Amino acid sequence: LRCCTAASVVTDGSGGAADERSLYIMRVVQIAVMCVLALTVVFGIFFLGCNLLIKSEGMINFLVKDRRPSKEVEAVVVGPY
């Protein structure tokens, strides 16, 4: 695994510290980009789920409004009182 990384390149001593610093900065930038992408995906799934939940509640409420109890059910419920 070490043979394929940029850190394994043999240098003659000139610019070795600059290469190491550049490699460190590149690694930090990669980690920051991955964190931003991960947060974007998590929030996207969260808001999509919330939106679907709100829409499904609205559809359930719409269906409940359309359902009316029949007159026989009302007569049975009203009868004992």
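How far apart do the end C-alpha atoms of residues 31-54 lie, and what share of the span is helix and what share is strand?

Tutor: This is a predicted model, and in it the end C-alpha atoms of residues 31-54 lie 35 Å apart, with the span being 100% helix and 0% strand. The interest in these residues comes from a record: an unreviewed UniProt entry annotates 31-54 as "transmembrane region".

For the setting, the chain has two helices and zero strands, and of its 81 residues 0% count as buried. The accessible surface of the chain comes to about 7,900 Å², and 70% of that area belongs to carbon and sulfur atoms.

Within the annotated span, the aromatic side chains deserve a careful reading. The structure holds two aromatic pairs. One of them joins F43 and F47, whose rings are stacked, with 6.2 Å from centre to centre and 25° between the planes. Both residues belong to helix α1, which covers residues 16-66, and they sit four residues apart, about one turn of the helix. The rings of F46 and F47 make an edge-to-face pair, because their planes stand at 65°, which is over the 60 degrees that this class requires; their centres are 5.4 Å apart. Taken together, F43, F46 and F47 form one aromatic cluster.

A nonpolar surface patch of about 670 Å² is made by Y24, I25, V28, V29, V33, M34 and L37. One of these residues, V33, is found in helix α1, and with a relative accessible area of 44% V33 is partly exposed.

Finally, the cysteines can be treated briefly. The structure holds zero disulfides. C35 is partly exposed, with a relative accessible area of 43%, while C50 has a value of 30% and is also partly exposed.

To draw the part together, residues 31-54 are 100% helix, the aromatic cluster there consists of F43, F46 and F47, and the nonpolar patch includes V33, M34 and L37.

Terms used:
Residues numbered from 1 in each chain as written. Predicted model: local features only at pLDDT ≥ 70, side-chain atom pairs only at ≥ 80, totals over all residues. Heavy atoms only, no water. UniProt positions renumbered as here; feature names shortened; annotations may be inferred. Phe/Tyr/Trp six-rings, centres within 6.5 Å; stacked < 30°, edge-to-face > 60°. Patch = residues over 30% accessible without salt bridge, like charges linked within 9 Å, V, L, I, M, F, W, Y side chains within 5 Å. Areas by Shrake-Rupley, 256 points an atom, 1.4 Å probe, with all protein chains shown as cover. Salt bridge = Lys/Arg side-chain N within 4 Å of Asp/Glu carboxyl O. Buried < 20%, exposed > 50% of the residue type's maximum accessible area, 1.4 Å probe, protein only. Disulfide = S-S within 2.5 Å.
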